[in-house]
Amino acid sequence: MDALRIGAVLKKKREELGMTQTEVISAMQDKETNISRETLSKIETGNRNVSARELSMLCNILGIDIELFFQEDEDLVTLFRRKAKEYCSDEMIERVRIVQAIAETFIKQKEICDNNISRRLQAPMWEV
């Protein structure tokens, strides 16, 4: 899960509990973890990655099962293996891995095109 989604989950839960950022920071300090309100704000908006220790502490304070942040990170191959391993051969799983790699390549190429990133071809060194 990326920083933006982690921050959104933390913020939503904090707001559901009716806690302010200052109250969360205070609870963290009581557990000997010091971060500023500004740092928590950056975490909640996805502008700063949260450390494992900070995430663990925030989950503890907000009553979030930390496993929530790792459930959505499965790639297609892992999900396929977990869900269908008793029905599929290793060959089929390898085909899914290849399809995933192709899809990731297309996504990266689209990002390059959307950002208008062009590759300039350079003349060979012996022609310069």
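Contact here means heavy atoms within 4.5 Å. Among contacts in the chain between residues at least 6 apart in sequence, 54% join residues at least 24 apart. The model is predicted: local features need pLDDT of at least 70, side-chain atom pairs count only at pLDDT 80 or more, and totals for chains, interfaces and linings use all residues. Residues are numbered from 1 along each chain as its sequence is written, and side-chain values use heavy atoms, with hydrogens and water left out.

The secondary structure amounts to 7 helices and 0 strands. Helices (H or I, at least four residues) and strands (E, at least two) are DSSP runs, numbered from the N terminus. The pattern along the sequence is α-α-α-α-α-α-α. The chain has 128 residues, of which 26% count as buried. Buried means under 20% relative accessible area, exposed over 50%, and partly exposed in between (1.4 Å probe, protein chains only). Accessible areas come from the Shrake-Rupley method with a 1.4 Å probe; for residues, only the protein chains shown count as cover.

The loop between α2 (21–30) and α3 (37–44) holds E32. I35 lies in that loop too. E32 has a positive phi of about 65 degrees, although it is not a glycine. E32 is exposed, with a relative accessible area of 67%. I35, by contrast, counts as buried, at 8% relative accessibility. Leaving aside residues up to four places away in sequence, I35 touches I25, M28, Q29, L40, I43 and E54. I35 and I25 are 10 residues apart in sequence; their C-alpha atoms are 6.7 Å apart in space.

Helix α7 covers residues 90–114, 25 residues in total. From its first C-alpha to its last, α7 reaches 36 Å, close to the 36 Å expected at 1.5 Å a residue. The expected span is 1.5 Å times one less than the number of residues. The buried residues of α7 are I93, V96 and Q100. I102 also lies in α7. I102 is partly exposed, with a relative accessible area of 41%. Together with I98 and F106, I102 makes a nonpolar surface patch of about 290 Å². Patches are made of residues with over 30% relative accessible area and no salt bridge; like charges are joined within 9 Å, nonpolar side chains (Val, Leu, Ile, Met, Phe, Trp, Tyr) within 5 Å. A salt bridge is a side-chain nitrogen of Lys or Arg within 4 Å of a carboxyl oxygen of Asp or Glu.
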